[in-house]
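Today I opened a new model and kept notes as I looked things up. Come along and check each entry against the picture.

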Amino acid sequence: MPRRERSDVARRDRYSLAPIRGNYTYSVGEVAELYGIADATVFRWIRDEGLKRLPGSKKYYIHSGDLRRFLERLNKRNKKPSSDGEIYCCKCRVPRRPSNNTIQAEDLPNGTIRVKAKCGVCGTGQFKVVSSKNWSETHPLYPDRNDPTIEHSGGDGWPRNCQT
Ligand SMILES: [Zn+2]
């Protein structure tokens with residue numbers, strides 16, 4: 001299976017924090033311009049990757065402090081080994097990698113993220129709760145880091161919290 005090509009700009013490894021101003025509110029366009037990336041990338045950061053935007057306005061604005069924290073996390077990706085990239089599947093009865101493109105993250109009010117996905121083997125819905133501060137490109141369940149074809153050999157210690 002051929003690997004999907006990664007976009008250089010959207011997937012480059014490091015974003016310098018140096019150009020970020022101190023106490024400043026950025027528009028999406030300004031962030032895109034700062035790093036020479038597409039507006040769509042910044043929207044994706046906001047929509048899918050946990051970049052905070054300022055509430056209460058129709059347009060999206062990002063505070064420099066939030067931008068800085070977000071990019072720091074982004075820069076740290078690839079440092080963590082994949083140990084957590086599976087979710088227990090109630091039907092297979094083992095932890096499974098979710099299929100690509102089925103992972104959805106939903107913000108819960110208590111600072112956690114509910115990750116919903118579908119089992120890469122049988123397609124059954126899975127979910128897992130992740131701390132929102134861990135939910136970034138460094139997280140092994142994060143979309144794009146999953147290979148849907150890898151099967152887990154099974155394992156112990158997974159919560160058998162399936163509800164029927
Ligand atoms: Zn399954």
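**Entry 1: the core.** I looked up the largest nonpolar core and found 12 residues: Ile 87, Tyr 88, Cys 89, Ile 103, Ala 105, Ile 113, Val 115, Ala 117, Cys 119, Trp 135, Leu 141 and Tyr 142. A nonpolar core here is a set of buried Ala, Val, Leu, Ile, Met, Phe, Trp, Tyr and Cys residues joined through C-beta atoms within 7 Å. A residue is buried if 20 or more other C-beta atoms lie within 10 Å of its own, exposed if 12 or fewer, and partly exposed in between, with C-beta atoms placed from the backbone. Two elements, β3 (87–89) and β6 (112–118), each give two or more residues to this core. Another core, of 9 residues, lies apart from it and includes Val 28 and Trp 45.

**Entry 2: what I am looking at.** I noted that this is a predicted model, where local features need pLDDT of at least 70, side-chain atom pairs count only at pLDDT 80 or more, and totals for chains, interfaces and linings use all residues. Residues are numbered from 1 along each chain as its sequence is written.

**Entry 3: the elements.** I found 3 helices and 7 strands in the protein chain. Helices (H or I, at least four residues) and strands (E, at least two) are DSSP runs, numbered from the N terminus. Along the sequence, I read the pattern β-α-α-β-α-β-β-β-β-β.

**Entry 4: strand partners.** Strands pair if DSSP finds at least two bridges between them. I saw that β5 and β6 run antiparallel, joined by 4 bridges, with Glu 106 opposite Arg 114 in β6. Their hairpin has 4 residues between the strands, and Gly 111 in the turn has a positive phi of about 80°. Next, β6 and β7 (residues 125–131) run antiparallel with 7 bridges; Lys 118 has Gly 125 in β7 as its bridge partner.

**Entry 5: one residue.** Is Asp 107 buried or exposed? I found Asp 107 in strand β5 (residues 104–107), and it counts as exposed because it has 12 C-beta neighbours inside 10 Å.

**Entry 6: confidence.** I checked pLDDT, the predictor's confidence in each residue, from 0 to 100. The mean for the protein chain is 79, and 74% of its residues reach 70 or more. Over residues 148–153, pLDDT is below 50. Residues 78–83 also stay under 50. Where pLDDT is low, the predicted coordinates should not be read in detail.

Technical notes
Two residues are in contact if their C-beta atoms, placed from the backbone, lie within 7 Å.
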